[in-house]
Amino acid sequence: MGIARGVIITALFGFVLWVLIPIYVPRPSFIPGFAPPPDMWPRTVSIIGMVLGLLLLGLSLSKKTQAIADPEDAGSIRGDTPLPTLLLRFGWSVLAFALFVAAVSLLGFLLASILLLVAMLVLTGYWRNRWVALIVAVALPLLLYLFFSSALNTRFPTGSLLRALGV
Amino acid sequence: MLNDLLIAFQAVATFENFLIMAAGIWGGVIIGAIPGMTGTMAVTLALPFTFYMQPIPSILLLVALYKGSTYGGSVSAILIKTPGTASAACTTLDGYPLARQGKAGKALNMALYSSCTGDFISNISLIFIAAPLALLALRIGPPEYFMLMVFALTTVAGVSGRSLLLGLVSACLGLLLATVGEDMYGSFRFDLTVDMQGGLAVAPVLIGLFAIPELLKIVVFRNTEAQKPMQLGDNKVTRAELRRSLKSMLKGSMIGVVMGAIPGIGPSAAAFSSYGEAQRSSKHRENFGKGEVEGIAASESANNGCCGSTMIPLLALGVPGDVITGVMLGAFMIHGMTPGPMLFENNLHEVYMLFIGMLFSSILLFGAGKATMRFFSHISRIPPGLMAPIVLILCLFGIFSISNSMYDVIVLLAMGVFGFFMFLFAIPAAPFLIAFILGPMLEENLRRALAISRGDPSILVSSPITWLFASLAVFVIVITIRQQLKKAKA
């Protein structure tokens, strides 16, 4: 994992330094006094980050120094589960998050939260206890919705679909 | 000062404040007792609620949650060998064996006595050390502040993970993310969307980074085996045991105070140092690790001993010592108070109210701990597979309520995924967060210092104070590298 990590960290900071900063950190035409420009700090941090990434990469290449760069055993984190299964579970979780964000404008915050909670309970494997999971999935968002709406006056999105249906 | 403290005492001693502190302590103890839920989470989840409260009650609520969760972490550590918070990890060494012997009540009682003692001593230290330190800090200018923050970041990067390099990478990522939005001269940086021109708020970044990865770990690795709690015995701590542990308790409290006051060290390191010292100096050192009450006293007094003293650098210098005080820094700023030397000039009454409130909370901690001992085992029974999704929903509602905007919710979820990748690459999250919080101040002080010196970087090492902090940063790096080289060789 050490080599891959070193490469990814170096690439990430390199991308920020050579792609993002030139496009998204413009230098103003006039800078008062001797004040350093806005891109000075992000550039400095990106360069330090790249050096650290390269250092990690270099240390990972030698068996003698590998333990310094990679103290954590990657295998112990992953366990025996095959990588495709782990990636699939992760993919489902990210998809659930994305669908939640998309569903808020359509179904409203409350209903989208209930659906997300159901999805996450299925993904964590707790859905085996169907009745408990179902009660929690409906009751918790409802209670929170009522609490935040009434006590803190939060205006949660109601959803265009439900509005169109007159709910 | 005494007169000011008496006035503050009158202001704090209201039913409303006691209720808020009791709720904070109670909530913190319960959250801390649940494996996987940390004090950081408790404090960050409560942050949105504080927006609608008066400044001092809101800070007292966060402090009470912090103290409660620090003690609460020992409960699941003792009962099911699963520390509710990282700082309670040391308590498992003797707490769990004692519980296995059917003396869980004794272990929990000793943890409570030690936590309250450490907490009280820590609060007293805060009252008498914070103000002099603030006076000293008034002499600190932009170059000194910059070096102090570099030192704080180095310390956090060095002690919060197994690798200094990964800690520094984490800090760089945090510093970079902190640059998103408007800079000090009004130009926008990394504004990929219009929403990003406002930058990234602390709360969604913080909660996303700590709470959401826990859920993703459970989903991806499916480590949901429920651990059954043991029955609580009604064993009491005898006077002889209390007398025997008193030395370790007092020593642990002082270790906690000193280590808590240094930015980045935190309660986990304090607990282990105190445990090591107690073991070294005890007459019963052979019993350590087998159920020695002195071991519990040492670790618990040290981790709670940090609670008050971590507020010293925050209040006096405006530098958060750990993640929780980082959140508290945000809470202070939300309420228009800027921690640092000027806090003692502009908000002295509020500072004394905070001190008095913290002393009260030590007493409340004792009451809450005693009252909730039997209840804990039931809370700890909630399986992570149910608890983690519940936490996610709490986070979503809490974050949305802060700004009434889906942007913060998206930031929360995105940071959760980012935090999970950091976990996969064994990159510690604490340096990232401290860097994200300190980043704007660090940059501002650097740019101010360079503007003052007309671009000459030698200003950063121009005074004895800058040299002191620079030397300390180098010292921390050298010591950490040495330790890691030793470990690598072993």
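This report describes two chains, how they touch, and a few parts of each. The model is predicted.

**Chain A**

Chain A has 167 residues, and 31% of them are buried. Its secondary structure is 8 helices and 0 strands. Read from the N terminus, the order is α-α-α-α-α-α-α-α. Take the contacts in chain A between residues at least 6 apart in sequence: 63% of them join residues at least 24 apart.

**Where the chains meet**

The contact between the chains involves 55 residues of chain B and 57 residues of chain A. On the chain B side, the elements that give two or more residues are α8 (164-177), α10 (212-221), α18, α19 (406-424), α20 (429-452) and α21 (464-489). Which of them gives the largest share? That is α18(B), with 11 residues. By class, the chain B side that touches chain A holds 38 nonpolar, 9 polar and 8 charged residues.

The table sets out their geometry.

| Helix of chain A | Helix of chain B | Angle | Axis separation |
|---|---|---|---|
| α5(A), residues 83-107 | α10(B) | about 135° | 8 Å apart |
| α2(A), residues 40-61 | α8(B) | roughly 155° | within 9 Å |

Start with α5(A) and α10(B). Their angle is about 135°, and the two helices are therefore oblique to each other. The crossing of α5(A) and α10(B) is right-handed. From α5(A), the contact uses A:L86, A:R89, A:F90 and A:S93. From α10(B) come B:L216, B:V219 and B:V220. The classes in this contact are 5 nonpolar, 1 polar and 1 charged.

Now turn to α2(A) and α8(B). Their axes cross at roughly 155°. An angle over 145 degrees counts as roughly antiparallel, so α2(A) and α8(B) are roughly antiparallel to each other. The crossing of α2(A) and α8(B) is left-handed. On the α2(A) side, the contact is made by A:P42, A:V45, A:S46, A:I48, A:G49, A:L52, A:G53, A:L55 and A:L56. On the α8(B) side, the residues are B:L165, B:L168, B:V169, B:C172, B:L175 and B:L176. By class, the contact of α2(A) with α8(B) has 12 nonpolar and 3 polar residues, and no charged ones.

**Helix α18 of chain B**

The helix α18(B) covers residues 384-403, which is 20 residues. From first C-alpha to last, α18(B) reaches 29 Å. That is close to the 28 Å expected at 1.5 Å a residue. Is α18(B) largely enclosed or largely open? Of its 20 residues, 15 are buried, so α18(B) is largely enclosed by the rest of the structure. Just after α18(B) comes B:N404, with a positive phi of about 55°.

**A lysine in a loop**

Where does B:K103 sit? B:K103 lies in the loop between α5 (92-100) and α6 (104-137) of chain B. Is B:K103 buried or exposed? A residue with 20 or more other C-beta atoms within 10 Å is buried. B:K103 has 22 C-beta neighbours inside 10 Å, so B:K103 counts as buried. Another lysine, B:K486, is 383 residues away from B:K103 along the chain. The C-alpha atoms of B:K103 and B:K486 are separated by 38 Å.

Key: Residues are numbered from 1 along each chain as its sequence is written. Chains are lettered from A and ligands numbered from 1 in the order in which they are written. This is a predicted model: local features need pLDDT of at least 70, side-chain atom pairs count only at pLDDT 80 or more; totals for chains, interfaces and linings use all residues. Helices (H or I, at least four residues) and strands (E, at least two) are DSSP runs, numbered from the N terminus. The expected span of a helix is 1.5 Å times one less than its number of residues. A residue is buried if 20 or more other C-beta atoms lie within 10 Å of its own, exposed if 12 or fewer, and partly exposed in between; C-beta atoms are placed from the backbone. Two residues are in contact if their C-beta atoms, placed from the backbone, lie within 7 Å. Ala, Val, Leu, Ile, Met, Phe, Trp, Tyr, Cys and Pro count as nonpolar, Asp, Glu, Lys and Arg as charged, and the others, Gly among them, as polar. Axes are lines fitted to C-alpha atoms, for helices over the stretch in contact, and angles run from 0 to 180 degrees between N-to-C directions. Angles under 35 degrees count as roughly parallel, over 145 as roughly antiparallel, 65 to 115 as roughly perpendicular and the rest as oblique. A crossing is left-handed if the near helix is turned anticlockwise from the far one by less than a right angle, and right-handed if clockwise.
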